[in-house]
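Please look over the chain shown below. A short briefing follows, grouped by topic.

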Amino acid sequence: MEVVESIAKEKVNYYKVTLTSGRHFFVSEDILVRYRLLKGTELSDEDIQTVKKQTQLDYGYQQALNYLSYQLRSKKEIRDYLKKQEIDGASSDEIIKRLEGLNLVDDLVYAESYVRTQMRLSDKGPRVLRDKLKQRGIPEMTIEQAMELYTFDGQLDVAVAVATKAARKYKAHSFSEKNQKIRQYLMTKGFSGDCITEALAALELEKDEEVEADILVIQGDKLWRKNQRFDAKKRKQKVTQSLFQKGFSFDAINEYIAQKEMEDEDE
């Protein structure tokens with residue numbers, strides 16, 4: 001048996017209980033009252049473990065409530081947070097069950113709220129949202145249920161907005177390369193192939209031959225200067241290959257190359 005030698009207040013609502021053996025532990029004010037811990041109280045090892053366990057539960061619960069006060073959290077996020085607070089796994093499980101019983105934690109509510117927010121504020125497609133929810137420990141079935149909120153029409157609206165912005169970003173590229181880059185960009189944002197195809201169709205991008213010719217000259221001139229160290233044949237081959245990869249037609253490229261060769265002859 002151990003005997004309580006002293007009880008000293010340490011910080012808000014927490015007390016340091018020191019035993020005659022020199023051992024000590026911290027308890028909340030609630031635990032102090034609940035277990036009637038007073039100077040001279042006798043405690044068995046089992047009593048001490050019970051008090052420590054309950055103290056950890058109370059401390060962990062208060063930490064979890066504080067963590068939840070800022071925003072909704074998934075069960076995994078709470079469990080990870082409690083682990084950082086040195087709350088053991090069994091206690092964390094018990095705390096989460098208590099929070100669930102009070103409807104303070106619900107992975108479906110969390111997932112649906114996350115999806116609604118991302119639909120409204122972000123430029124992400126469904127695949128990215130699914131991945132983010134998985135990272136937060138949301139079960140697959142719950143994710144699928146929450147993702148029903150993100151309808152195809154909703155995805156298309158976001159995809160068109162993203163594609164419109166991307167079209168401005170890639171305006172200095174050939175028509176073909178611009179379309180390819182917009183498609184790739186939408187894929188990285190998590191949109192499906194069908195959604196991307198419809199978004200591009202909604203943009204109604206049209207090829208302007210004059211603009212295309214101007215872009216070819218700008219990019220071609222850069223490549224022509226970049227490859228000037230090579231002999232004429234090699235230079236022509238490299239510039240032609242690069243421009244073709246950028247989406248320009250062979251006819252337009254050949255016309256441009258012929259013009260550059262004439263300019264070089266005149267110099």
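How many salt bridges does a search of the whole structure find? The search finds 12 salt bridges; a salt bridge is a side-chain nitrogen of Lys or Arg within 4 Å of a carboxyl oxygen of Asp or Glu. This is a predicted model, where local features need pLDDT of at least 70, side-chain atom pairs count only at pLDDT 80 or more, and totals for chains, interfaces and linings use all residues. Residues are numbered from 1 along each chain as its sequence is written, and side-chain values use heavy atoms, with hydrogens and water left out.

**Salt bridges**

- Arg34 forms a salt bridge with Asp58, with the closest N and O atoms 3.3 Å apart. Arg34 lies in helix H1 (residues 29-34) and Asp58 in helix H2, so the pair ties together parts that are 24 residues apart in sequence. Helices (H or I, at least four residues) and strands (E, at least two) are DSSP runs, numbered from the N terminus.
- Asp58 counts as buried because its relative accessibility is 12%, whereas Arg34 is partly exposed at 41%. Buried means under 20% relative accessible area, exposed over 50%, and partly exposed in between (1.4 Å probe, protein chains only).
- Glu77 forms a salt bridge with Arg136, and their closest N and O atoms are 3.8 Å apart. The pair links distant parts of the chain, 59 residues apart. Glu77 sits in helix H3 (residues 75-84), and Arg136 in the loop between helix H6 (126-135) and helix H7 (140-147).
- Glu77 is buried, with 17% relative accessibility. Arg136 is partly exposed at 23%.
- Lys134 forms a salt bridge with Glu140, the closest N and O atoms again being listed, at 3.8 Å apart. Lys134 is partly exposed at 45% relative accessibility, and Glu140 is partly exposed at 40%.
- Glu2, Arg23 and Asp45 are linked in a network of salt bridges.

**Negative surface patch**

- Which residues gather in a patch of negative charge on the surface? They are Asp153, Asp157, Asp194 and Glu198.
- Patches are made of residues with over 30% relative accessible area and no salt bridge; like charges are joined within 9 Å, and nonpolar side chains (Val, Leu, Ile, Met, Phe, Trp, Tyr) within 5 Å. Lys and Arg count as positive and Asp and Glu as negative, while His and the chain ends are not counted. The place of a charge is taken as NZ of Lys, CZ of Arg, CG of Asp or CD of Glu. Accessible areas come from the Shrake-Rupley method with a 1.4 Å probe.
- Helix H8 (152-169) and helix H10 (193-203) each supply at least two residues of the negative patch.
- Glu198 is placed in helix H10. Glu198 counts as partly exposed because its relative accessibility is 39%.

**Annotated domains**

- The UniProt annotation "domain: RecX second three-helical" (unreviewed entry) covers residues 106-147. UniProt positions are given in the numbering used here, feature names are shortened, and annotations may be inferred rather than shown by experiment.
- Residues 106-147 are 79% helix and 0% strand, and their end C-alpha atoms lie 16 Å apart.
- For "domain: RecX third three-helical" (unreviewed entry), UniProt lists residues 155-200 and 211-257.
- The span 155-200 is 80% helix and 0% strand, with end C-alpha atoms 13 Å apart. Over residues 211-257 the chain is 81% helix and 0% strand, and the end C-alpha atoms are 18 Å apart.

**Positive phi values**

- Arg36 is a residue other than glycine with a positive phi, near 50 degrees. Arg36 is in the loop between H1 and strand E4 (42-43). Arg36 counts as exposed because its relative accessibility is 68%.
- Glu86, also not a glycine, has a positive phi of about 65 degrees. Glu86 is in the loop between H3 and helix H4 (89-101). Glu86 is exposed at 69% relative accessibility.

**C-alpha separations**

- Tyr61 is found in helix H2 (residues 45-68) and is buried at 9% relative accessibility.
- Ile218 lies in helix H11 (residues 209-226) and is exposed at 52% relative accessibility. The C-alpha atoms of Ile218 and Ala172, 46 residues apart along the chain, are separated by 8.8 Å.
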